[in-house]
Amino acid sequence: MAKVKSFYVCSECGYESAKWYGKCPQCGEWNTMEEQTPVAVGKKGSTAKASVAVASVKKLSEISSDIEKRLLTGTSEFDRVLGGGIVEGSLILLSGDPGIGKSTILLQICQKLGQSHTVLYISGEESARQIKLRANRLGVDTDNLFILAETDVATIVETIKIEKPDMVIIDSIQTMMIDDVSSNAGSVTQVRECTNIFMHLAKSLGIPIFIVGHVNKDGAIAGPKVLEHIVDTVLYFEGERNYSYRILRSAKNRFGSTNEIGVFEMTQEGLKEVQNPSLLMLSGRPKNTSGTCVACTMEGSRPILAEVQGLVTASGFGTPRRMSTGYDYNRMSMIIAVLEKRAGYFFNGMDAYLNVVGGLKLYEPAADLTVALALLSSLKDVVVNDSTLAFGEIGLAGEIRAVNNCEQRIQEAQRLGFTKCVIPFHNYKSLSKELKASVDIIPVRTIRAALEAVTE
């Protein structure tokens, strides 16, 4: 009998190799290569070829273009992130840190969907009694919610085919197992094969399936990267433990826009949606204090205002310290270098700290001007006007470059009571006359002009 040749798979990135490595050649992680045995398919030595059915093809004009049916969750913030609701037959991956609220928000959705649809909640981590206790705490008492504590994928698939629920929740994919795969639950092979089975099941039966995924120490989804390519939608549940609100972010969506976010607040009764996140981010903002400025960032189709605070102080060490929270550290260092080289503001021998209040993360380059003004305000110890908002991208030559959705950002600032907006010069021409008349808009070309405008 021939010996079955095993192979090795990296548990972090999914890299496959015929031999074992202490360090993964692809991702560079140590001690992540796990031994796997290939699944035997068919009888050994069999040369008979099974008959292959011919697939039918259609012209593009013959395919129906009707709008896809969506299930509304009853939570507008969640529906917004999904692009207007849950599409039938879609496979949705929800990931986040432990205890962030993934199971909580899914159980609350079951309560609202259970009014007119049946939901099957499959848990591989908790017993049915544990789910019942959490449901009582959250006030979930719908009769259309069914619980199954199971980890065997074959049993789960047969149960779904028999019950035919309107929606299925798998909590979590790292606990699911296929008996034919000779590896432990949570391994790269198990996660990939289980997700493939659920994907085919969702498409064939037209049942939307939510999959809860764990994250590793770097914050990325645990398992192979191909997991994110298989599913239709990837949702990240973000938030700091020290803050009460959570952010649901869409990183991939085949049925809607990406980078859309929904904001929730964690309470004793569960997660509550926040209709006006900008007002929440700006609550408690200090008045007449240097080192603070307000940014307007676009999260999908929604403008959100956030307070950026900077602190520049004399360093007690030979090498100045730089620290950034909620903003990319390397980009902050680049902005400081531009301020020194192009604008003549020197941070040599000064510690620089930057913080986006509330735990929000700013990824958009439009926040560059706000970050620069917050740092300069602290460095010069001058106060930025409380009713002033600024946004714009900073180039390496020290110029303020144009950003998108300028008019929408100004309208959001006006709605929240801001009377002065400092914007890139090249955005000013495209604004409507009505908007120019209602808000004091100051177009700027350089950092120095922006600082003079906000400190008048």
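**Ground rules**

I am working with a predicted model, where local features need pLDDT of at least 70, side-chain atom pairs count only at pLDDT 80 or more, and totals for chains, interfaces and linings use all residues. I number residues from 1 along each chain as its sequence is written, and my side-chain values use heavy atoms, with hydrogens and water left out. My helices (H or I, at least four residues) and strands (E, at least two) are DSSP runs, numbered from the N terminus. I say that two strands pair if DSSP finds at least two bridges between them.

**Entry: around β12**

I found that β11 and β12 pair in the antiparallel sense over six bridges. I then turned to β13 (residues 261-267), which runs antiparallel to β12 and is joined to it by five bridges. Here R246 stands opposite F264. I also checked burial (buried is under 20% relative accessible area, exposed over 50%, partly exposed in between, with a 1.4 Å probe and protein chains only). Seven of the nine residues of β12 (residues 245-253) are buried, so this strand is largely enclosed by the rest of the structure.

**Entry: the nine-stranded sheet**

I traced an open sheet of nine strands in the order β8-β7-β9-β10-β6-β11-β12-β13-β14, with mixed pairing. The edges are β8 (145-149) and β14 (270-273), each with a single partner strand, so one side of each is left without a neighbour in the sheet. Neighbouring strands of this sheet are turned by 25 degrees against each other on average, direction ignored. For such angles I use axes that are lines fitted to C-alpha atoms, for helices over the stretch in contact, and angles run from 0 to 180 degrees between N-to-C directions.

A reminder to myself: strands of a sheet pair through backbone hydrogen bonds, either parallel or antiparallel. For a parallel case I picked β7 (residues 119-123) and β9 (residues 167-171), joined by five bridges. In this pair Y121 stands opposite I169.

Which helices lie across strands of this sheet? I noted α4 (residues 153-163), which lies across β7, β8 and β9 and runs at about 170 degrees to β7. I also noted α5 (residues 188-205), which lies across β6 (91-96), β9 and β10 (209-213) and runs at about 160 degrees to β10.

**Entry: D232**

I found D232 in the loop between α6 (226-230) and β11 (233-238). Is D232 buried or exposed? D232 is buried, with a relative accessible area of 2%. The side chains of D232 and R254 are joined by a polar contact of 2.7 Å. That term means a pair of N or O atoms within 3.5 Å; within protein, one must be able to donate a hydrogen and the other to accept it, and residues adjacent in sequence count only if both atoms are side-chain atoms. Leaving out residues up to four places away in sequence, I saw that D232 touches several residues, including G89, K203 and F255. Contact here means heavy atoms within 4.5 Å.

Eight bridges join β15 to β16 (residues 302-314), and the two run antiparallel. E299 stands opposite R302. Two residues separate the strands in this hairpin, and G300 in the turn has a positive phi of about 70 degrees.

I found three strands in an open antiparallel sheet, in the order β2-β1-β3. The edge strands, β2 (16-17) and β3 (33-36), each pair on one side only. Four bridges join β1 (residues 7-10) to β3, and V9 has E34 as its bridge partner.

**Entry: helices**

I counted twelve residues in α2 (residues 102-113), and ten of the twelve are buried. Among the buried ones are K102, I105 and L113.

I also looked at α8 (residues 329-341) and α9 (residues 368-380), which pack at an angle of about 65 degrees with their axes 10 Å apart. The contact is made by R331, M332, I335, I336 and L339 of α8 and D368, V371, A372, L375 and L376 of α9.

Last, I checked A437 in α12 (residues 433-438). A437 is exposed, with a relative accessible area of 69%.

Methods:
Expected span 1.5 Å × (residues − 1).
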